[in-house]
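Hi,

Here is the structure I promised to pass on. Have a look at it first, and then read on for what turned up.

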Amino acid sequence: VARSLQGGAAAGYAPAVTASPSTATAVPAARRSAAEEAIFQRDLRGKGDEAVAMFRALDVTSKERKEAEVMARDFALPGSSLGRDPERPLACDEYLDRASDMLVAWRAAGTWRRYHGAWKKVKPWLKAMVEASGFAWHVQTLRDDPRFFAAAARWVYETNASITGVESAVLAMRMAMRVSGIPIKDDFVIGIIREVTRRERTKAKRKKAGVTFEMVVAFNVKWGDARAPLWQRSVVIMAGIGFVALGRFSDTVLVHTQFVYWCPEGCILVIMRRKTNQYCVPTFWPVAETGLRDAKGRPVSLVSRLRRLVFDLTGAAPPTEGWPDAGGGRHGVLLRDIRPASGSRFPAHIRYHLSRGCERPLGRRGYRHYLARFRGGLRACCGMTEAQAKEYGLQSMRSGGDTWLFSKGASQAVRMAIGDWKTPEVEAGYLRIAATQKFAAMRATGL
C-alpha cells in the first residue's frame, strides 16, 4: 500500500541514498526466517519501550505538565478521595494532594487544559446553587442529588447555546464526577439539552479538506530538494509521513531520529502516540522505499528525502540496515520547534526560525507556525489562493491518505489497521469523497 502511495516501486530497485554501513545484525524482512522475524519483532518492541520511556521523562518535566497538574486538582470536589474536606482535615491530606498530582498520568495534559476553562465557569455556579439550596458544598451533596448537574447544563445552554460550549461543560462536569467518585449515569435531561443544542446550531460542523496524492507530489517536487531551506523540507516530510502512514500531526511531531529503523525496504518510525501515552503503547509506522527517481536519475522518494533530512539535522548518515548509533550525531525530534528571530515586542510582528534545540517535541506555538507554513506551501506548490488553503489543516494528511486508500480499493479493515482506528464509524468520518466521485458512482448504474 505504501509503495502505491509513493509512486510505485521501480524494477531492479537499488537503495536511493548511499549510507554508511551499519553494525546492526538484523536481516531484511524478505530474507528473514520465522525465528529471525520473532527476534526482530522483539527488538522492535524493545526500542518502542525506550521511546516511550524517553518521551515519558520529557513529559514529566515539561511546563505543560506542571500547568496541567494544577488544573487537574480543581476537578476534585471537597470531601472526595482526592479533595480536602475543610470540616474534616486529615493528617494524611498531604498524601492525597500528591495523589491528585497523578491525575495527569491518568489523562493527557491536553485533556485537562481543554476542559479546565469550562469547569472554571460551571464550578462557581454549581457551588452557588448548592449553598443557596441550604446544603454544604460537598461531594456527598452532589452524589445524593445529581440534578444539580442537569441544571448546570441548562444554565450553560442559556448563557452559551453553541454546541461546543454545552459539550465542553457537560464533559467537564463528567470529568469532575469521575475524579470525585460520583457514579456517572446517562441523565435524560442532559441528553435532551445536548441533542437540542445540536439541532439548533446555525452552522454545521465543517471538516477540513483532505490533501490529494497530487498535492503531496507537488510538495515533494518543489520543496523536497536538498538545496531547499530546512523548514520547506520539514514540511515535505510532515506531509508525506502523515499521508502515507495516516498519522496525526500530533503524533508526527514525536518522530525522533534515534528511533528509526532503517533497511533497504524503507524505514520504520517508532513513536509514542499522544492519544495512548497513558497506556505506554508505542506505534510503528512503516514507510516503504519505492526507488523513485526524477528525470535526471536523482532519488526523490519519501524515504530518500527523509534520509537526507536526518543526515543534515544530525550530522550522521543513517545506516543501510539497523538502528542509528545513539552516540553518533545530534539526535532529536525530527520536526524542530521554533524560536523568535526578530526583536519585535508585538506578537503579530515576530518572525520565527526553526530552533537548534531538538530535545523536546513541538510546543503549542509551533503548531500554529507549521500550519501557516503548510498553507503557504499549498499556495506556492499547488497554486491555491489564500481562501482555498484555509480549507486545509494539519489533519488533512490523515484524511487525505485515508481517502486515497479508499479510492484505490483498500478495504476498511486495511485502512483501520494502517491508521490505527478502533471503530469503523470513526474511520469513515475521515473520508472526503468528492462530488465527482459520487457522480461517477451514480453514472455506473446506467439509470
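Let me start with a helix pair. Helix α12 (residues 230-245) and helix α14 (residues 302-314) have axes that come within 10 Å and cross at roughly 135 degrees. Angles over 145 degrees would count as roughly antiparallel, so α12 is oblique to α14. The crossing of α12 past α14 is left-handed. On the α12 side, the contact is made by L230, R233, S234, I237, G240, I241 and V244. From α14 come L302, R305, L306, R308, L309, D312 and L313. Sorted by class, the contact of α12 with α14 has eight nonpolar, two polar and four charged residues.

Before the rest, a caveat: this is a predicted model, so please read everything here with that in mind.

For the overall picture, the chain has 447 residues, and 45% of them count as buried. It holds 20 helices and five strands. Of the contacts in the chain with a separation of 6 or more, 66% are between residues 24 or more positions apart.

The axes of α6 (residues 109-132) and α9 (residues 163-180) come within 8 Å, crossing at roughly 90 degrees. That angle falls in the 65 to 115 range, and α6 and α9 are therefore roughly perpendicular to each other. Helix α6 brings T111, W112, Y115, A118, W119, V122 and L126 to the contact. Helix α9 answers with S168, A169, L171, A172, M173, M175, A176 and V179. What classes of residue make up the contact of α6 with α9? There are 13 nonpolar and two polar residues, and no charged ones. The α12 and α14 contact, as noted, has four charged residues.

H256 sits in the loop between α13 (249-252) and β1 (260-263). Is H256 buried or exposed? Its relative accessibility is 5%, and the cut-off for buried is under 20%, so H256 counts as buried. A polar atom of the H256 side chain lies 3.1 Å from the backbone nitrogen of Q258. Leaving out residues up to four places away in sequence, H256 touches M54, F55, H331, G332 and V333.

Cheers

Key
Residues numbered from 1 in each chain as written. Predicted model: local features only at pLDDT ≥ 70, side-chain atom pairs only at ≥ 80, totals over all residues. Heavy atoms only, no water. Axes fitted to C-alpha atoms, helices over the stretch in contact; angles between N-to-C directions. Helix = DSSP H or I, 4+ residues; strand = E, 2+ residues; numbered from the N terminus. Parallel < 35°, antiparallel > 145°, perpendicular 65-115°, else oblique. Contact = heavy atoms within 4.5 Å. Nonpolar A, V, L, I, M, F, W, Y, C, P; charged D, E, K, R; others polar. Left-handed = near helix turned anticlockwise from the far one by under 90°. Buried < 20%, exposed > 50% of the residue type's maximum accessible area, 1.4 Å probe, protein only. Polar contact = N/O pair within 3.5 Å; in protein donor to acceptor, adjacent residues only side chain to side chain.
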